[in-house]
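Have the model open while you read, and take the points in order.

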Amino acid sequence: MTDHLTDDQNETLAFNLAQPGDYFALLKPRVMSLVIFTALVGMVAAPGAIDNWPLALISLLAISVGAGASGALNMWWDSDIDAVMSRTKGRPIPSGKVQRADAFGFGLFLSVLSVIVLALAANYLAAGLLAFTIFFYAVIYSMFLKRSTPQNIVIGGAAGALPPVVGWAAVTGTAPLEAWLLFAIIFFWTPPHFWALSLFKSEDYEAAGIPMMPNVKGEARTKLEILIYTVIVAAIAITPVFFAFASWLYGAVAVILGGVFLAGSIRLYAAKDEAATMRASKSLFGFSIFYLFLIYAALLAEHLLGLHG
Amino acid sequence: MADNNDKKTEIAEGAVEDRRYRAQSTDEAAEQLDRDAAESDSGQGHTGHDDFLSARDARATGEHYRMTPEEEKSRKRRSIAIALGIVAFVVLIYLITMLRLAENVGG
């Protein structure tokens with residue numbers, strides 16, 4: 001856009017060129033796909049067979065739209081820092097394709113719509129949990145935590161961890177301890193995942209003024225905390241076996257994956273020079289995605305194939 | 001009342017200026033702004049981008065804003081997406097209602 005114009009004028013110039021795809025990009029499709037997957041696992045792992053699959057699928061759609069809506073609200077709020085960071089400057093608002101106000105309206109509208117649809121298709125508990133998830137991500141994490149504390153992604157991780165609980169609640173109307181174990185796996189997985197990313201993107205976060213752990217407490221402390229959280233997540237990932245909603249087969253997968261995750265964290269912790277730290281953090285970041293996917297996929301497969309119990 | 005009329009006239013004049021910036025594309029509009037700003041700096045012409053009013057201001061006065069073909073195409077695509085979204089929502093609510101009814105009837 002043109003440098004000498006104010007933000008409002010630039011937004012006006014871009015207003016009429018926005019495509020439907022730009023609005024879809026506001027929903028963070030990759031995050032949405034992870035939410036769909038984890039919420040589906042929550043639904044399938046819940047006790048008792050799903051007796052109404054069409055309603056369960058509509059509920060899943062509502063959960064994913066709700067997650068996307070919170071992504072749009074996050075992009076609305078963070079458009080200033082998104083424009084500074086290499087990872088996010090191509091997003092619809094900083095790239096000038098969508099106006100901030102339109103992203104806000106879009107996110108708010110879809111938030112309300114998704115909660116209403118989930119209440120109609122499933123139940124009020126699931127709808128309430130979805131509403132809380134959206135509120136937590138858009139308001140608590142984006143508006144308060146993200147720019148104020150290096151614990152931002154630790155506490156904020158609760159928003160990303162809630163979808164399996166919402167899924168569980170959607171098909172059972174309850175949210176027992178087992179559902180919160182699924183929550184805990186993602187909750188304790190989030191810090192090593194994002195801190196590994198922030199180790200090799202620390203300049204980006206520094207430029208945007210976001211107090212991520214490496215910028216505030218330093219690399220050594222970040223590596224130590226990554227190691228601690230990896231131990232916790234590896235241990236928690238095994239607990240479904242003891243709560244009888246996963247079999248020994250899942251337990252074996254969780255132990256092996258946890259071991260590999262832990263080995264990656266130890267390698268990162270032991271990395272002495274800059275190059276080794278970069279390599280180890282990139283490798284750990286990549287594996288963390290693979291880890292979460294496989295842990296949840298193992299649970300999904302067990303329940304779909306009837307192997308558990 | 002007189003103040004209101006003055007304000008309307010002012011906005012309408014601004015809207016006419018706005019159309020100049022909405023020539024064929026956003027790039028041309030930006031170039032037009034650059035030229036106007038240069039004229040303004042040298043003491044000629046009007047006052048550059050201070051006169052820039054958004055399309056929304058123009059609509060408020062009843063002035064018409066002429067879109068470029070590219071903008072019209074984008075608007076058409078957005079309109080189609082909105083229409084499909086509304087249809088999908090209606091179908092979704094219908095499905096939920098029928099499935100819930102079937103559940104209740106089936107006990």
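1. First, a word of caution: what you're looking at is a predicted model.

2. Let's start with chain B. Chain B is built from 4 helices and has 0 strands, so its pattern along the sequence reads simply α-α-α-α. Of its 107 residues, 26% count as buried. The accessible surface of chain B is about 7300 Å², and carbon and sulfur atoms make up 55% of that. As for contacts in chain B with a separation of 6 or more, 62% are between residues 24 or more positions apart.

3. Have a look at residues 80-102 of chain B. An unreviewed UniProt entry annotates this stretch as "transmembrane region". In the model, residues 80-102 of chain B are 100% helix and 0% strand, with 33 Å between the end C-alpha atoms.

4. Now for the nonpolar cores. The largest one has 89 residues, and the members that touch the most others are A:Leu118, A:Tyr250, A:Tyr291, A:Ile295 and A:Tyr296. Helix 10 of chain A (residues 177-200) supplies the largest share of this core, with 13 residues. Another core, of 9 residues, lies apart from it; A:Ala18, A:Leu26, A:Trp76 and A:Ile93 are among its members.

5. Leaving out residues up to four places away in sequence, A:Ile295 touches A:Ile185, A:Ala237, A:Tyr250, A:Ala254 and A:Leu257.

6. Last, A:Arg147, which sits in the loop between helix 7 and helix 8 of chain A. Why does A:Arg147 count as partly exposed? Because its relative accessibility is 32%, and partly exposed covers values between under 20% (buried) and over 50% (exposed).

7. What does A:Arg147 touch? Beyond residues up to four places away in sequence, A:Arg147 touches A:Trp77, A:Asp78, A:Asp80, A:Ile81 and A:Pro211. With A:Asp80 there's a side-chain polar contact of 2.9 Å. A:Pro211 is 64 residues from A:Arg147 in sequence, yet their C-alpha atoms are 6.2 Å apart.

Notes:
Residues numbered from 1 in each chain as written. Chains lettered and ligands numbered in written order. Predicted model: local features only at pLDDT ≥ 70, side-chain atom pairs only at ≥ 80, totals over all residues. Heavy atoms only, no water. Helix = DSSP H or I, 4+ residues; strand = E, 2+ residues; numbered from the N terminus. Buried < 20%, exposed > 50% of the residue type's maximum accessible area, 1.4 Å probe, protein only. Contact = heavy atoms within 4.5 Å. Areas by Shrake-Rupley, 256 points an atom, 1.4 Å probe, with all protein chains shown as cover. Core = buried A, V, L, I, M, F, W, Y, C linked by side-chain atoms within 4.5 Å. UniProt positions renumbered as here; feature names shortened; annotations may be inferred. Polar contact = N/O pair within 3.5 Å; in protein donor to acceptor, adjacent residues only side chain to side chain.
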